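Welcome! Open your viewer, get ready to select residues by number, and follow along one stop at a time.

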Amino acid sequence: MLNEKVEMRNLKGTFDFLPKEQRIRNKIINTLQQVFELYGYQPVETPILCHYDVLASKYSGGSEILKEVYKLQDQGERELALRYDLTVPFARLIAMNPNLTFPFKRYEIGKVYRDGPVKVGRNREFYQCDVDAIGVKGVTLEAELLLLAFHVFKKLEIDVYIKYNNRKLMSGLIEIAGINKEIVKDVITIVDKIKKITKAEFEKELNDIGLSNEQIEKLHTLFSMDLNSIKQQFGNLENQNINEGLTELYELEGYLSQTDILKNCKLDLSLARGHEIYTGTVFEVFTKDGLITSSIGGGGRFDKIITNFIDNGIEYPACGISFGLDVIYNYLLLTQKAEEQSSADLYIIPMGTFAHSMSLAERLREKGVKVEIALNQGSVSKEMKKANKLGMPFVTVIGEDEITTGKLTIKNMAKSEQKEYTLENIDALCADILRK
């Protein structure tokens with residue numbers, strides 16, 4: 001058995017990323033972290049390995065997700081599982097730390113696992129990049145998260161727009177169409193697909209759950225109205241969902257109007273995000289060029305998840321947004337905005353001067369310059385070819401002459417230009433390299 005040849009392969013829906021690819025992904029993650037912290041969100045980390053009963057308890061995401069959970073046992077025969085999202089571990093963290101100061105603003109970037117069908121944009125091992133805050137009612141938090149999203153994509157140089165809606169308003173419109181409250185959630189799921197399927201398919205799905213043709217036609221009319229028309233016609237009705245949904249949407253638009261992002265936000269009354277967990281505002285981020293049709297980020301208000309999960313008589317209003325690392329990465333590859341960057345700023349080729357080169361490299365690293373030394377000490381031509389292949393921005397050869405004269409010649413590989421520096425004063429060298 002030990003000598004049996006094993007086929008080297010990855011599990012379907014999991015991937016390796018080589019340095020060139022991983023640098024791009026790291027750039028995305030680093031950008032997300034920087035922007036998250038600009039807005040006051042704090043990093044947390046939760047375990048990938050969880051007790052199964054915790055993952056499966058009181059979560060309103062529906063039982064369907066539990067079919068995709070990777071289950072296992074430890075040596076003590078305890079039922080364990082790999083986390084399938086970051087929200088349940090976050091809720092558990094809140095429950096175990098009652099002395100946290102609220103509002104509590106956190107972000108977490110980590111791997112999650114789902115044993116489901118694999119298709120484009122849906123893997124079995126993938127990153128979630130979540131930003132959430134607990135303890136804020138109203139829509140001030142929603143406004144901040146939309147600003148944060150635009151900030152992220154501006155730094156990544158991706159032109160985006162955001163669709164937004166309110167689940168309360170959606171529910172209210174369905175109710176005034178004369179539809180039984182017991183199937184409102186089912187209708188919302190179908191309305192969310194109204195722009196993705198044909199009119200005939202849309203009507204058939206509604207017929208299949210018991211709606212009449214008259215009710216379906218009324219839904220068509222209601223969901224084609226604008227916000228002001230809805231307010232004029234239905235704002236005085238005694239429908240809590242309509243009134244609260246309208247109030248929240250107008251308040252959100254009021255905040256956004258004080259920024260320059262409102263022009264890139266679009267109200268879409270059919271947007272539901274597809275999950276039952278959302279209780280108010282929902283939003284999704286799309287690229288303006290449409291190269292990727294799926295959203296590259298999205299979220300909304302979920303006031304009941306953590307409240308129901310902890311179930312201690314205290315309300316935990318919450319809102320958050322999640323960014324799709326894989327879909328952002330794929331977009332950068334498609335648009336060739338994924339820069340081929342070297343892991344180092346300077347490549348040193350020592351010619352029998354490894355000890356001196358190592359000492360110089362440490363001096364440069366202390367000043368923030370990323371330095372790689374040619375460890376095999378091959379011929380200059382061979383090492384120059386390697387430096388070029390690796391995309392090194394700057395290269396220098398250090399031989400006995402350089403040590404004796406105290407002068408270095410640095411080659412700018414992109415411009416094929418050379419410049420001389422002294423070893424006594426390396427500040428000018430560092431400034432030029434870091435300015436690249």
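How many bridges join β15 to β16, and do they run parallel or antiparallel? Select both strands: 6 bridges join them, and they run antiparallel. Two strands count as paired if DSSP finds at least two bridges between them. Helices (H or I, at least four residues) and strands (E, at least two) are DSSP runs, numbered from the N terminus.

Before moving on, a note on what you see: this is a predicted model, where local features need pLDDT of at least 70, side-chain atom pairs count only at pLDDT 80 or more, and totals for chains, interfaces and linings use all residues. Residues are numbered from 1 along each chain as its sequence is written, and side-chain values use heavy atoms, with hydrogens and water left out.

**Stop 1**

Now widen the selection to the open sheet of 5 strands, in the order β13-β12-β14-β15-β16, with mixed pairing. At its edges are β13 (371-373) and β16 (417-422), each pairing on one side only. From one strand to the next, the twist averages 25 degrees.

**Stop 2: two helices across the sheet**

Next, select residues 427-434, which form helix α16. This helix lies across β12, β14, β15 and β16, at about 150 degrees to β16. Such angles run from 0 to 180 degrees between N-to-C directions, using axes fitted to C-alpha atoms, for helices over the stretch in contact (heavy atoms within 4.5 Å).

Then select α14, residues 380-390. Helix α14 lies across β12, β13, β14 and β15, and runs at about 165 degrees to β12. Which residues of α14 are buried? They are Glu383, Met384 and Ala387. Buried means under 20% relative accessible area, exposed over 50%, and partly exposed in between (1.4 Å probe, protein chains only). Look down the axis of α14: its buried residues fall within an arc of 105 degrees, so they line one face of the helix. That arc is taken from the directions from the helix axis to the C-beta atoms. The cover over these buried residues includes β12 (346-350), β14 (394-398) and β15 (407-412). On the face turned away, find the exposed Lys382, Lys385, Asn388 and Lys389. Just after the helix, Gly391 takes a positive phi of about 75 degrees.

**Stop 3: a covered strand**

Move to strand β6, residues 125-134, where 8 of the 10 residues are buried. Strand β5 (residues 104-113) pairs with β6 in the antiparallel sense over 10 bridges. Strand β11 (residues 318-323) also pairs antiparallel with β6, over 6 bridges. Click on Asp132 in β6: Arg106 stands opposite Asp132, and its bridge partner in β11 is Gly320.

**Stop 4: the nonpolar cores**

A nonpolar core is a set of buried Ala, Val, Leu, Ile, Met, Phe, Trp, Tyr and Cys residues joined through side-chain atoms within 4.5 Å. The largest has 73 residues, of which Tyr41, Phe153, Phe323 and Ile328 touch the most other members. Helix α4 (residues 140-155) gives the most to this core, with 9 residues. A second, separate core of 26 residues includes Tyr52, Val282, Phe302 and Ala318.

**Last stop: Thr287**

Finally, select Thr287 in strand β9 (residues 281-287). Is Thr287 buried or exposed? Thr287 counts as buried because its relative accessibility is 3%.
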